Amino acid sequence: GKTIPEERPVMYIDRARAQVTAAAITTVGTISLSENSKMITGLCGMLAQDNVLTAGEELMGIFILSSDDLNMQPSEYPFQTGYSAGLGALIMSNGGQTPVFFPVKIPVPAGADIDITVDLVTAVTNAAEVAVFVAYE
């Protein structure tokens, strides 16, 4: 659009989360926005694991938003963190992550359903925890 998105105070926030192991598009869930919703103002994707990354595995990927209620394409965003085991196993003890939101300005119809999927760069032996947050007003 003609205006640059800016960070705004959060009025509503919803999330979908799942455990994922596949390096393929995987459904996380659907967020049903409030009947008062007008605009998505922020997006955040968190990726974590507290197990072992096997040699050659990476914990990186994207989250994808889609909807039958509005056109959101293209809508692919990177997770805010990434890990790699490189040539040896990486024993994880994931510390806390501070959510960092992408400021966006996506008009939505009231009560829209937002479908969330993820795509990891490589498959992982031990499941990754993914959480996607949608802030809106």
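Two strands pair if DSSP finds at least two bridges between them; helices (H or I, at least four residues) and strands (E, at least two) are DSSP runs, numbered from the N terminus. The model shown in these views is predicted: local features need pLDDT of at least 70, side-chain atom pairs count only at pLDDT 80 or more, and totals for chains, interfaces and linings use all residues. Residues are numbered from 1 along each chain as its sequence is written, and side-chain values use heavy atoms, with hydrogens and water left out.

**View A. The open sheet β2-β11-β6-β7.** Four strands, in the order β2-β11-β6-β7, form an open sheet with antiparallel pairing. Its edge strands are β2 and β7 (76-78), each of which pairs on one side only. On average, neighbouring strands of this sheet are turned by 25 degrees against each other, direction ignored (axes are lines fitted to C-alpha atoms, for helices over the stretch in contact, and angles run from 0 to 180 degrees between N-to-C directions). Between β6 and β11 the antiparallel pairing extends over 6 bridges. F63 has V118 of β11 opposite it.

**View B. The aromatic cluster around F63.** F63, Y77, F79 and F102 make up one aromatic cluster. Rings of Phe, Tyr and Trp (its six-membered ring) pair if their centres lie within 6.5 Å; planes under 30 degrees apart count as stacked, over 60 as edge-to-face and the rest as tilted. The count by this rule is 4 aromatic pairs. One of them is the stacked pair of F63 and Y77, at 5.6 Å centre to centre with 25 degrees between the planes. This pair links distant parts of the chain, with F63 in strand β6 and Y77 in strand β7, 14 residues apart. F63 and F79 form a tilted pair, at 5.7 Å centre to centre and 50 degrees between the planes. Here F63 in strand β6 is linked to F79 in the loop between β7 and β8 (83-84), 16 residues apart. F63 is buried, at a relative accessible area of 0%, and Y77 is buried at 16%; buried means under 20% relative accessible area, exposed over 50%, partly exposed in between (1.4 Å probe, protein chains only). F79 is buried as well.

View C. From Q73 to P74 the peptide bond is cis, with omega near -10 degrees. P74 lies in the loop between β6 and β7.

**View D. The open sheet β1-β12-β3-β10.** This open sheet has 4 strands in the order β1-β12-β3-β10, and the pairing is antiparallel. β1 and β10 are at the edges with a single partner strand each, so one side of each has no neighbour in the sheet. From one strand to the next, the twist averages 25 degrees. The antiparallel pairing of β3 with β10 covers 4 bridges. L43 has F102 of β10 opposite it.

**View E. The largest nonpolar core and I40.** A nonpolar core is a set of buried Ala, Val, Leu, Ile, Met, Phe, Trp, Tyr and Cys residues joined through side-chain atoms within 4.5 Å. The largest one has 32 residues, of which L33, I40 and L65 touch the most other members. Strands that each supply at least two residues of this core include β1 (12-20), β3 (39-48) and β12 (128-136). β12 gives the largest share, 5 residues. Apart from its neighbours within four places in sequence, I40 has contacts (heavy atoms within 4.5 Å) that include L33, M72, V104, I114 and V134.
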